[in-house]
Amino acid sequence: EPRKNLPGLVAAVAFYGAYFPHAVYRRWLEGDWRISDLADRLLPHRVRTGDAGLLRRARLLLVIAGCTLVWVPPCAIYLSRAGAPELGAALALLGTLMATTPLLLWATGSVALAANVLLLGLSALVMNTVLTGSGVYSSMLPWLLLTPAGGFLLVGPRCGLAWTGAALAGV
């Protein structure tokens with residue numbers, strides 16, 4: 001009965017959505033640490049000392065991975081309890097892949113590689129949802145536009161054009 005577990009889901013989303021940003025914002029206001037300093041500690045030295053564009057792209061990658069950590073668990077739990085356990089498992093697996101891209105960034109020092117792995121996870125997630133849903137009539141299909149936008153923002157124009165071609169081939 002997925003509707004019986006709805007209060008638990010609402011409580012989990014409220015916890016993730018309300019408490020963590022509040023705690024981060026409160027710490028930032030009290031001056032304990034700055035958010036950019038915290039993010040920079042997670043980056044490899046080569047990226048931290050690189051040019052401003054590389055640092056901006058690496059921070060954006062960290063923000064996307066952090067947002068994935070926030071929304072994947074409640075959505076995967078809801079899908080698995082709402083009668084679609086295969087979609088919940090796929091979301092959990094691909095969300096884990098997307099959330100671990102900062103580790104890949106740390107290990108390789110390549111923002112382009114980590115960003116492309118993140119975009120691959122996102123496109124696989126969207127295409128899996130589209131294929132198990134109603135195909136080209138699915139409401140998830142416009143979310144496939146995030147992969148070219150992410151390619152342009154995180155890596156550059158050539159990568160964005162490559163992801164545009166992949167998105168068009170997926171349609």
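## Packing of α5 against α7

In this predicted model, helix α5 (residues 85-99) packs with helix α7 (residues 111-132) at an angle of about 170°, their axes lying 8 Å apart. Since angles over 145 degrees count as roughly antiparallel, the two helices α5 and α7 are therefore roughly antiparallel to each other.

On the α5 side, the contact is made by Leu87, Ala90, Leu91, Leu94, Leu97 and Met98, while α7 contributes Val117, Leu118, Gly121, Leu122, Ala124, Leu125, Asn128, Thr129 and Thr132. By residue class, the contact of α5 with α7 comprises eleven nonpolar and four polar residues, with no charged ones.

## Nonpolar cores

The largest nonpolar core has 22 residues, and those with the most contacts inside it are Leu43, Val47, Ala58, Leu61, Leu105, Val111 and Leu144. Both α4 (52-81) and α7 supply at least two residues each to this core, and the largest share, eight residues, comes from α7.

Leu61, one of the residues with the most contacts inside that core, is in contact with Thr101, Leu105, Ala114, Ala115, Leu118 and Leu154 when its neighbours within four places in sequence are left aside. A second, separate core of five residues includes Val72, Ala76, Leu91 and Leu125; of these, Leu91 and Leu125 also take part in the contact between α5 and α7.

A search of the whole structure finds zero disulfides. Cys67 has a relative accessibility of 41% and therefore counts as partly exposed, and Cys75, at 35% relative accessibility, likewise counts as partly exposed.

Key:
Residues are numbered from 1 along each chain as its sequence is written. This is a predicted model: local features need pLDDT of at least 70, side-chain atom pairs count only at pLDDT 80 or more; totals for chains, interfaces and linings use all residues. Side-chain values use heavy atoms; hydrogens and water are left out. Axes are lines fitted to C-alpha atoms, for helices over the stretch in contact, and angles run from 0 to 180 degrees between N-to-C directions. Helices (H or I, at least four residues) and strands (E, at least two) are DSSP runs, numbered from the N terminus. Angles under 35 degrees count as roughly parallel, over 145 as roughly antiparallel, 65 to 115 as roughly perpendicular and the rest as oblique. Contact means heavy atoms within 4.5 Å. Ala, Val, Leu, Ile, Met, Phe, Trp, Tyr, Cys and Pro count as nonpolar, Asp, Glu, Lys and Arg as charged, and the others, Gly among them, as polar. A nonpolar core is a set of buried Ala, Val, Leu, Ile, Met, Phe, Trp, Tyr and Cys residues joined through side-chain atoms within 4.5 Å. Buried means under 20% relative accessible area, exposed over 50%, partly exposed in between (1.4 Å probe, protein chains only). A disulfide is a pair of cysteine sulfur atoms within 2.5 Å.
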